[in-house]
Amino acid sequence: MSGDEEGRTQVIRIARSLFDRGLVHGRTGNISVRVDGGILMTPTGASLGTIERGDLSLVNDKAQHLSGPKPSKEAFLHAAVLRARPAAGAVIHTHSTYCAAVSCLGDLDAGDAIPPLTAYFAMRIGRLPLLPYHAPGDDALGPLAEDMAREHAALLLANHGPVVAGGDLSEAFDSLEELEQTAKIFLVVRGAHIRPLASDERTRLSPSSGPDETTTSS
Ligand SMILES: [Zn+2]
């Protein structure tokens with residue numbers, strides 16, 4: 001777990017990186033990291049391209065506001081995922097283009113929204129469940145996310161975008177990028193005859209499910 005100052009440094013570094021790479025736009029996207037005393041969370045109504053260290057909120061594990069500016073209205077999602085995954089230290093949620101596009105498709109397998117197209121997707125993400133549509137800020141999504149996050153480090157919210165946990169923020173960021181890249185590939189090959197990884201190929205690469213946050217180098 002990070003100290004408050006180190007946590008702020010990490011959040012701002014990842015916020016800038018998400019913005020600079022076009023993974024968040026406008027005032028969308030939010031980041032959380034566990035620190036001593038709670039969860040540091042990006043604030044509501046802020047651009048990840050311009051927020052500063054002093055702009056972050058501190059919330060508890062139920063997403064109740066402790067100090068700093070008002071947290072993102074999606075803070076409850078981060079808290080739910082962190083409760084479900086005790087070994088996770090950080091969560092990133094975006095409306096990144098390709099993941100959001102996939103989340104709007106009407107024929108996804110809700111238990112496995114993107115097939116195992118590449119080894120890196122299978123290693124970093126494993127299975128990606130789709131959670132049903134809820135309006136932004138609807139905390140009825142919290143229990144569903146908490147339940148699903150016990151077995152999955154990444155979730156896809158229907159008509160919305162991904163939520164990705166990692167052992168630390170760098171790992172969550174790497175997984176988010178891999179997921180976004182695979183969503184792009186999925187859309188590019190859609191309609192073509194594809195060969196996803198076979199079941200045994202996938203099983204050999206899968207991240208361990210449950211609370212361990214396995215880091216897999218590429
Ligand atoms: Zn969102």
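View A. Asn-60 is buried, at a relative accessible area of 19% (buried means under 20% relative accessible area, exposed over 50%, partly exposed in between; 1.4 Å probe, protein chains only). Asn-60 sits in the loop between strand S3 (57-59) and S4 (strands, E, at least two residues, and helices, H or I, at least four, are DSSP runs numbered from the N terminus). Neighbours within four places in sequence aside, Asn-60 is in contact with Ile-39, Leu-66 and Ala-79 (contact: heavy atoms within 4.5 Å).

The model is predicted: local features need pLDDT of at least 70, side-chain atom pairs count only at pLDDT 80 or more, and totals for chains, interfaces and linings use all residues. Residues are numbered from 1 along each chain as its sequence is written, and side-chain values use heavy atoms, with hydrogens and water left out.

View B. Glu-74 lies in the loop between strand S4 (65-67) and helix H2 (75-84), and His-95 in the loop between strand S5 (90-93) and helix H3 (97-103), so the pair ties together parts 21 residues apart in sequence. Glu-74 is buried at 7%; His-95 is partly exposed at 22%.

**View C. The sheet.** Eight strands form an open sheet with mixed pairing, in the order S4-S3-S2-S1-S5-S8-S7-S6. S4 and strand S6 (130-131) are the edges, each with a single partner strand, so one side of each has no neighbour in the sheet. Strands S7 (154-157) and S8 (161-166) pair antiparallel over four bridges (pairing needs at least two DSSP bridges). Leu-157 stands opposite Gly-161 in S8.

**View D. Helix H1.** H1 (residues 4-20) lies across strand S1 (30-35), strand S2 (38-41) and S5. Its buried residues, among them Val-11, Ile-14 and Leu-18, pack against S1, S2, S5 and helix H6 (169-189). Gly-22 follows H1, with a positive phi near 75°.

Technical notes
Axes are lines fitted to C-alpha atoms, for helices over the stretch in contact, and angles run from 0 to 180 degrees between N-to-C directions.
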